[in-house]
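The sequence and structure come first, and the description follows them.

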Amino acid sequence: MNLHTALKPFVLEYTRVVDMNITGVQFHSSKIQPGDIFVAIVGTKEDGHNYIQRAINSGASAVVGEYDITDLSVPYYRVSNSRRALAALVSHLYDFPSKRHVMVGITGTNGKTTTAHMLRHILTFAGLTCSLLGTVSQEINGLKISSTQTTPDTLQLNQWLNQSNDHVVIMEVSSHGIEQDRVAFIEYDYAVFTNLSHDHLDYHTTLENYFGIKARLFTQIKNSGEGIIASHCEWGDRLVHLLDAQKIGLQTFGGSSNDDVQLTNIDSEFPLTFQVKQGGKHYKMALPIPVVHNAWNALAAWLTASRMGIEPDVIIKALTVFPGVPGRFEIFKHPSDAQFIVDYAHTPDGFHHLLRTIHSRKNNRVIHIFGFRGNGDPTKREQMIKISVEHNDLLILTLDDLKGANEKEMLKEMQNLANRYGENKCFIIEDRTKAIEYAWKKVKKGDVVTITGKGRECYEQVYSLPSKSDTETIEYLRSEMANR
């Protein structure tokens with residue numbers, strides 16, 4: 001496919017038409033190789049249009065951008081949307097690699113990672129090969145690659161899809177990834193919606209906008225594909241009606257007899273056992289991981305696997321030995337017979353389900369450590385503190401990654417919210433590793449300390465203790481105690 005044909009839907013004007021085959025595409029000028037096409041993107045921190053001449057000097061054969069530029073020494077195409085044009089070019093370069101796989105895209109506020117890992121576990125248990133692209137790790141052709149973001153940029157994504165020899169590709173799809181066209185021109189056999197709740201409103205402004213972005217994923221379902229929708233969520237119910245009106249195939253999971261897979265009863269939360277109904281038959285399911293929302297995650301994975309031809313008895317056997325997900329309800333024993341739990345929960349809804357479960361089985365004190373993240377969604381912080389105070393005996397507020405935010409302003413906001421809603425249960429230790437260390441030194445037998453917000457994500461800040469994540473901090477404290 002040549003450059004002009006690939007860009008035709010987006011072009012506003014061009015300096016000259018060239019019959020040029022696409023041999024390479026870059027949006028970082030420093031990565032340009034001779035003959036590559038450079039796409040200038042307006043980013044949150046940098047504007048790629050400022051690096052056009054550098055790209056040309058490095059050998060760019062043509063440039064694509066959004067600004068009105070007429071004096072370049074190489075062909076220039078002005079387009080309406082550089083990000084979408086980039087996705088089109090990359091898709092053409094790799095001959096639309098999503099068509100060569102059974103593609104599963106999983107989106108939602110909570111549960112994407114666990115659902116993706118559950119589904120991959122079921123499919124590999126059944127003998128299929130699966131690539132996994134998500135928050136915790138990327139795995140392609142059996143090789144693991146560390147992950148820096150939930151949804152990779154369109155260039156990396158298409159490169160990985162092109163490299164993958166796996167039959168199935170399961171990927172988490174973030175709202176940012178959809179809105180920024182990182183997944184444009186990727187076609188899905190199954191698009192899964194887990195839920196939607198308060199998050200990312202600093203970026204999307206309203207829940208309505210947030211939902212609209214999520215719903216865009218379902219316009220990328222292949223003609224023979226289906227949406228797999230959580231109908232028990234009000235936003236999922238809206239999505240069902242939307243897809244139905246657009247005559248897009250769909251299957252639902254939820255608590256209604258109208259659902260294709262139905263959760264009929266929760267027998268126990270810890271351990272998590274529940275009843276499932278599908279096709280008029282009843283099944284009993286036991287998961288080795290707790291918290292009720294994991295029953296819904298299991299149903300999402302169950303229904304998707306079922307639509308791919310996996311029988312219920314295989315699904316049940318696989319989920320019974322599901323090993324869990326690193327950084328999701330990951331338990332560490334303290335020498336005093338207390339427990340430390342590391343979890344990724346970072347939304348009001350995630351807090352509610354996680355902390356309610358822990359509170360319901362408390363033997364002694366329940367302590368919660370969580371941090372404010374810079375340039376995140378500040379509108380959810382008040383609600384999260386209220387939920388934490390309701391379910392915990394002690395709340396230690398700390399900092400998460402600052403991401404350029406002013407530390408003093410973050411701490412001031414934290415103190416104001418603690419004073420207003422803390423009910424004398426709340427205090428602040430700004431250094432995240434020292435907050436964990438404080439809890440480590442103060443716990444007694446039967447206490448449970450929950451550390452939320454990052455899971456196994458690496459710290460971006462430098463803290464006092466020589467560790468790179470919450471789990472490493474715990475391991476460091478454990479080794480220090482052992483060496484005394």
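A residue is called buried when its relative accessible area is under 20%, exposed when that area is over 50%, and partly exposed in between. By that scale Glu457, at 25% relative accessibility, counts as partly exposed. The model is a predicted one, and every value below is to be read with that in mind.

The structure holds 22 salt bridges, and three of them are set out in the table.

| Asp447 | Arg365 | 2.7 Å |

In the salt bridge between Arg365 and Asp447, the closest N and O atoms are 2.7 Å apart. The two residues belong to distant parts of the chain, 82 residues apart, with Arg365 in the loop between helix 12 (348-360) and strand 19 (366-372) and Asp447 in the loop between helix 15 (432-442) and strand 22 (448-452). Arg365 is partly exposed because its relative accessibility is 29%, whereas Asp447 counts as buried because its relative accessibility is 1%.

Because they are four residues apart in helix 15, Glu437 and Lys441 are separated by about one helical turn. Glu437 is buried, with a relative accessible area of 12%, whereas Lys441, at 54%, counts as exposed. Elsewhere, salt bridges with shared partners join Arg373, Asp400, Asp401, Lys454 and Glu457 into one network.

Asp470 is found in helix 16, which spans residues 470-482. Is this aspartate, Asp470, buried or exposed? At 0% relative accessibility, Asp470 counts as buried. When neighbours within four places in sequence are set aside, the residues in contact with Asp470 are Val342, Arg432, Ile436, Ile451, Lys454, Gly455 and Tyr459.

## How helix 13 meets helix 14

The axes of helix 13 and helix 14 (residues 407-421) come within 10 Å and cross at roughly 45 degrees. That angle makes helix 13 oblique to helix 14. On the side of helix 13, the contact is made by Arg381, Glu382, Ile385, Lys386 and Val389, and on the side of helix 14 by Met410, Glu413, Leu417 and Tyr421. The crossing in which helix 13 passes helix 14 is right-handed.

## Backbone features in loops

Phe270 and Pro271 are joined by a cis peptide bond, with omega at about 5 degrees. Pro271 lies in the loop between strand 14 (261-269) and strand 15 (272-278).

Which residues other than glycine have a positive phi? One of them is Asn141, with phi near 55 degrees, and its place is in the loop between strand 8 (137-140) and strand 9 (143-146). Asp181 is another, with a positive phi of about 60 degrees although it is not a glycine, and it is located in the loop between helix 6 (175-179) and strand 11 (188-193). At 33% relative accessibility Asn141 counts as partly exposed, whereas Asp181, at 6%, counts as buried.

## Cysteines

A disulfide is a covalent bond between the sulfur atoms of two cysteines. How many disulfides does a search of the whole structure find? The search finds zero. Two cysteines can be described by their burial: Cys130 is buried, with a relative accessible area of 5%, and Cys233, at 10% relative accessibility, also counts as buried.

Methods:
Residues numbered from 1 in each chain as written. Predicted model: local features only at pLDDT ≥ 70, side-chain atom pairs only at ≥ 80, totals over all residues. Heavy atoms only, no water. Disulfide = S-S within 2.5 Å. Buried < 20%, exposed > 50% of the residue type's maximum accessible area, 1.4 Å probe, protein only. Contact = heavy atoms within 4.5 Å. Salt bridge = Lys/Arg side-chain N within 4 Å of Asp/Glu carboxyl O. Axes fitted to C-alpha atoms, helices over the stretch in contact; angles between N-to-C directions. Parallel < 35°, antiparallel > 145°, perpendicular 65-115°, else oblique. Left-handed = near helix turned anticlockwise from the far one by under 90°.
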